[in-house]
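Biologist: I'm new to this one. Can you put it up and walk me through some charged side chains and strand pairing?

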Amino acid sequence: LKIIIHKASQLENLDIIGKSDPFVKIKFNDFEFKSNSVRNTLEPEWNFSADLIISENQNKPIDITVYDSDIGKDTIQGSCSLPLQETIDNSDKTELGLWYDLIGCKSGKILISTSFARNDMAPKGDEVDGSSAINEEVCDNESDQNKK
């Protein structure tokens with residue numbers, strides 16, 4: 001599943017001086033993906049993507065959190081949790097993506113698109129051993145060198 005976080009809009013300003021420096025984190029299973037921060041804006045455009053590998057019968061949500069990058073400790077600006085099956089079902093439905101409201105904040109929304117490709121290919125034989133013709137040639141060369 002490829003997930004793209006395009007941009008956010010109407011983020012709450014958490015900085016005293018200037019505007020926020022937002023970045024986004026995607027968490028899925030034990031993996032975490034982090035975008036670069038966009039400086040001094042409440043309307044960041046990331047176009048940040050991550051490829052998530054999904055196992056059969058998996059149903060954990062995809063957690064997305066927007067942070068304000070600060071010296072010391074980053075501040076959460078909002079988050080959303082996408083149900084996995086809904087995210088797969090919505091894949092490729094709109095070219096521009098879908099807006100999701102952020103929770104845990106006064107305002108903010110995030111534009112996300114996904115593309116799902118099923119990998120039904122069975123493994124092709126034993127790729128560890130492969131052809132031994134090259135190995136035999138190498139061995140033959142070594143024995144020739146030993147004769148000299």
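Predicted model: local features only at pLDDT ≥ 70, side-chain atom pairs only at ≥ 80, totals over all residues.

Modeller: Start with Lys27, which is partly exposed, at a relative accessible area of 36%. Partly exposed lies between buried, under 20% relative accessible area, and exposed, over 50% (1.4 Å probe, protein chains only).

Biologist: Which side chain does Lys27 meet in a salt bridge?

Modeller: Glu32, at 3.5 Å from N to O. A salt bridge here puts a side-chain nitrogen of Lys or Arg within 4 Å of a carboxyl oxygen of Asp or Glu. Salt bridges with shared partners tie Lys25, Lys27 and Glu32 into one network.

Biologist: How far apart are the closest N and O atoms of Glu32 and Lys25?

Modeller: They are 3.6 Å apart.

Biologist: And is Lys25 buried or exposed?

Modeller: Lys25 is buried, with a relative accessible area of 18%. Glu32 counts as partly exposed, at 44%.

Biologist: Fine. How many salt bridges does a search of the whole structure find?

Modeller: Three. One of them joins Arg39 and Asp21, with the closest N and O atoms 4.0 Å apart. That pair links distant parts of the chain, 18 residues apart. Arg39 is in the loop between strand 3 (31–34) and strand 4 (45–51). Asp21 is in the loop between strand 1 (2–9) and strand 2 (22–28). Strands are DSSP runs of E, at least two residues, numbered from the N terminus.

Biologist: Is Asp21 buried or exposed?

Modeller: Asp21 counts as buried, at 12% relative accessibility. Arg39 is exposed, at 66%.

Biologist: New topic. How many bridges join strand 1 to strand 4?

Modeller: Five, and the two strands run antiparallel. Strands pair if DSSP finds at least two bridges between them. Lys2 stands opposite Asp51 in strand 4.

Biologist: What about strand 1 and strand 8?

Modeller: Those pair in the antiparallel sense too, over seven bridges. Strand 8 covers residues 109–115. There, Thr114 is the bridge partner of Ile3.

How values were computed: Residues numbered from 1 in each chain as written. Heavy atoms only, no water. Helix = DSSP H or I, 4+ residues; strand = E, 2+ residues; numbered from the N terminus.
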